Amino acid sequence: MTLTEKILARAAGKDSVAPEDVVFAKVDKLMMHDVSGPGVIKVLEEWKKKGTILERIWDPSKVWVTEDHFVPASDKISANNIISLSKWTKRFGVRKHYKYGMGQYGICHTLSHEEALVLPGEVYVGGDSHTNTTGALGAFAAGLGHSDIAYVLHHGKIWFKVPETILFVLKGQLPDHVMAKDIILRIIGDIGTEGGNYKCMQFSGEVIDRMNMEERITLTNMTTEAGAKNGIIEPDSVTESYIRERTDSPFQCVLGDGNADYLDIHEYEVNQLEPIIAKPFSPANTCTARDVQGTEIDKAYIGSCTGAKLADLRAASRLFKGKKVKVRTEVLPAAQSIYISALREGLVEIFVDAGCVVGPPTCGACCGAHMGVLGPKEICISTTNRNFPGRMGDVESQTFLASPLVVAASAINGKITDPRDITT
Amino acid sequence: MNHLEGIVHKYYRDNIDTDVIVPGQYLKIHDHRELAKHAMEGLDPDFFKKVSDGDFLLCGRNFGCGSSREHAPIALANCGIKAIIAPSFARIFYRNAVDGGYLLPIEVDEETCRQVENGNRIIVDTLNSKLVNITQGRKAYDIKPFPKIIARIIEAGGLINLDPQKLLDT
């Protein structure tokens with residue numbers, strides 16, 4: 001069995017499972033945020049009217065909540081959503097509620113690894129499509145909608161069709177100025193936005209062995225853009241020390257069998273890989289940064305669960321040091337803990353000296369909700385994960401997706417720039 | 001739910017994503033009727049006005065890709081859309097539509113999508129796995145039968161209505 005099959009077999013209480021089997025899996029962890037949370041509460045209210053009442057959550061210690069999409073509250077409706085979410089977590093005894101402005105909080109997918117809220121081998125469901133992110137820890141992590149999350153709150157279980165696994169073996173040595181973001185954009189460009197639909201995308205190989213956890217997370221995070229049910233990486237010493245630095249909770253790493261069956265195995269030699277960009281209006285619409293070099297931009301954005309981890313900020317700061325930006329540039333660390341580290345390491349000073357605005361952790365502009373949305377025909381280069389029409393604002397705006405290095409280089413030049421062309 | 005009749009609204013393009021179905025700025029809204037007003041706003045701001053109760057949406061491959069927002073099937077269902085006809089669906093949209101009991105995701109082949117026209121009156125007959133086009137002289141097209149678990153959830157009117165003990169009964 002593959003790693004995903006083994007985790008799902010255990011969760012379903014079976015000796016083995018195979019792709020296409022439908023299992024009823026026990027859930028180890030559940031997450032919802034200030035968009036999916038109120039949506040789930042609404043579903044629970046509708047069910048209550050029909051006689052299905054949630055008296056208690058199956059296990060409040062396995063549930064955690066964060067405020068990330070509409071913080072700081074953009075208006076009365078989003079403020080009210082946060083109030084109702086707070087009442088709900090209090091009523092149902094959910095202690096892990098990461099609140100805006102009260103210490104640690106941040107983008108849900110970032111907190112899940114920053115706080116080690118999910119452990120290797122677990123089944124983790126979240127009310128957000130990028131829940132796939134956390135598979136980098138060696139867990140089965142999949143996004144669900146409001147009704148499914150509400151169902152898990154009742155029963156502690158949910159049905160899954162066991163996915164086939166596509167294995168991506170990454171070989172060689174990543175060149176300077178090329179990051180995990182370039183790898184995953186290249187892969188999505190190759191397989192398309194439907195290339196992983198219903199499937200598991202697993203990453204392995206010597207590139208992964210040498211890669212730090214935050215870069216691994218960029219890979220699994222964007223498996224969502226290929227439609228994947230989950231993304232996953234086998235846990236190793238990097239995983240173990242990452243978790244150990246954050247929690248004393250016991251965990252058991254699960255590994256796939258040596259003779260596991262994969263739907264497909266794609267080998268990538270990364271030695272010659274260049275900085276990659278996804279042009280509007282699809283994450284699969286890729287080319288090299290050189291191909292679109294010189295494209296004028298209005299804004300550069302370093303934020304989101306994909307591109308505002310500490311490793312991303314460190315990378316961008318190397319280019320910004322001693323430079324000035326030529327377009328409006330925003331840097332929003334993905335969690336408060338990352339903000340604090342960036343401050344202590346002097347990264348925030350580098351960003352503000354370069355002219356960037358450094359803002360609070362929020363999903364706001366990434367999903368076109370608030371906190372810096374794009375106007376008509378504006379062009380943005382962004383470390384985020386999606387660039388569908390209207391994703392970051394007006395339906396006539398355009399977003400180019402890229403690594404933090406490409407975004408920083410482009411901010412400095414005011415046009416799309418290959419980071420290898422910036423002298424530091 | 002196994003015999004539906006209505007008018008087709010054809011938006012035949014691939015990868016119609018959730019940012020188009022319900023743009024991000026409306027994610028804070030959880031009132032279903034209010035959400036309906038913004039359905040498909042990224043593609044056609046007048047969509048809400050064009051649709052009547054019982055109508056169908058016909059689209060291209062990978063319908064509903066993108067985010068897990070359940071706002072997407074909720075907004076479409078509350079416009080009156082009873083089924084979406086497409087060659088394929090993104091997984092979370094498909095799940096949300098079925099598990100929430102909002103509308104039916106109907107899979108057909110690409111040729112069927114090309115032949116069925118905007119404004120056609122059709123019957124979606126899931127019992128016999130047929131799409132019958134009344135406007136085209138009752139021409140019948142095949143629809144892909146639902147997998148067993150999906151059929152069971154649809155029949156129950158949503159996942160919550162199904163006894164967990166019976167979910168996986170064969």
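Cys200(A) stands opposite Asn230(A), a residue of strand 10 of chain A. Strand 9 of chain A, residues 200-204, pairs with strand 10 of chain A in the parallel sense over four bridges. The model described here is predicted. The predictor gives the complex an ipTM of 0.97 and a pTM of 0.97. For chain B, the average pLDDT is 96, and 99% of the residues score at least 70.

**The parallel sheet of chain A**

- Four strands of chain A make up an open sheet, and their order is 10-9-8-11.
- The pairing in this sheet is parallel.
- Which strands lie at the edges? They are strand 10 (230-233) and strand 11 (264-269) of chain A, each of which pairs on one side only.
- From one strand to the next, the twist averages 20°.

**Helices that pack on the sheet**

- Helix 1 of chain A, residues 3-12, packs on the sheet and touches strand 8 (165-171), strand 9 and strand 10 of chain A.
- The direction of helix 1 of chain A makes about 105° with that of strand 10 of chain A.
- Helix 8 of chain A, residues 213-221, also packs on the sheet, where it touches strand 9 and strand 10 of chain A.
- The direction of helix 8 of chain A makes about 150° with that of strand 10 of chain A.

**Helix 2 and helix 3 of chain A**

- Helix 2 (residues 36-49) and helix 3 (residues 76-91) of chain A have axes that come within 9 Å and cross at roughly 65°.
- Angles of 65 to 115 degrees count as roughly perpendicular, so helix 2 of chain A is roughly perpendicular to helix 3 of chain A.
- Is the crossing of these two helices left-handed or right-handed? The crossing of helix 2 and helix 3 of chain A is left-handed.
- On the side of helix 2 of chain A, the contact involves Gly37(A), Pro38(A) and Ile41(A).
- These residues meet Asn81(A), Ser84(A), Leu85(A) and Trp88(A) in helix 3 of chain A.
- By class, the residues of this contact are four nonpolar, three polar and no charged.

**Backbone details in the loops of chain A**

- The peptide bond from Val71(A) to Pro72(A) is cis, and its omega is near -15°.
- Pro72(A) belongs to the loop between strand 3 (63-66) and helix 3 of chain A.
- A cis peptide bond also runs from Pro280(A) to Phe281(A), with omega near 0°.
- Phe281(A) sits in the loop between strand 12 (276-278) and strand 13 (286-288) of chain A.
- Glu20(A) is not a glycine, yet it has a positive phi of about 85°.
- The loop that holds Glu20(A) lies between helix 1 and strand 1 (22-26) of chain A.

**The contact between chain A and chain B**

- How many residues does each chain bring to the contact? Chain B brings 34 residues and chain A brings 42 residues.
- On the side of chain B that touches chain A, helix 1 (18-21) and helix 5 (91-99) of chain B each supply at least two residues.
- Helix 5 of chain B gives the most to that side, with five residues.
- The side of chain B that touches chain A has 13 nonpolar, 13 polar and eight charged residues.

Notes. Residues numbered from 1 in each chain as written. Chains lettered and ligands numbered in written order. Predicted model: local features only at pLDDT ≥ 70, side-chain atom pairs only at ≥ 80, totals over all residues. Contact = placed C-beta atoms within 7 Å. Nonpolar A, V, L, I, M, F, W, Y, C, P; charged D, E, K, R; others polar. pLDDT = per-residue confidence, 0-100. Pairing = 2+ DSSP bridges. Axes fitted to C-alpha atoms, helices over the stretch in contact; angles between N-to-C directions. Parallel < 35°, antiparallel > 145°, perpendicular 65-115°, else oblique. Left-handed = near helix turned anticlockwise from the far one by under 90°.
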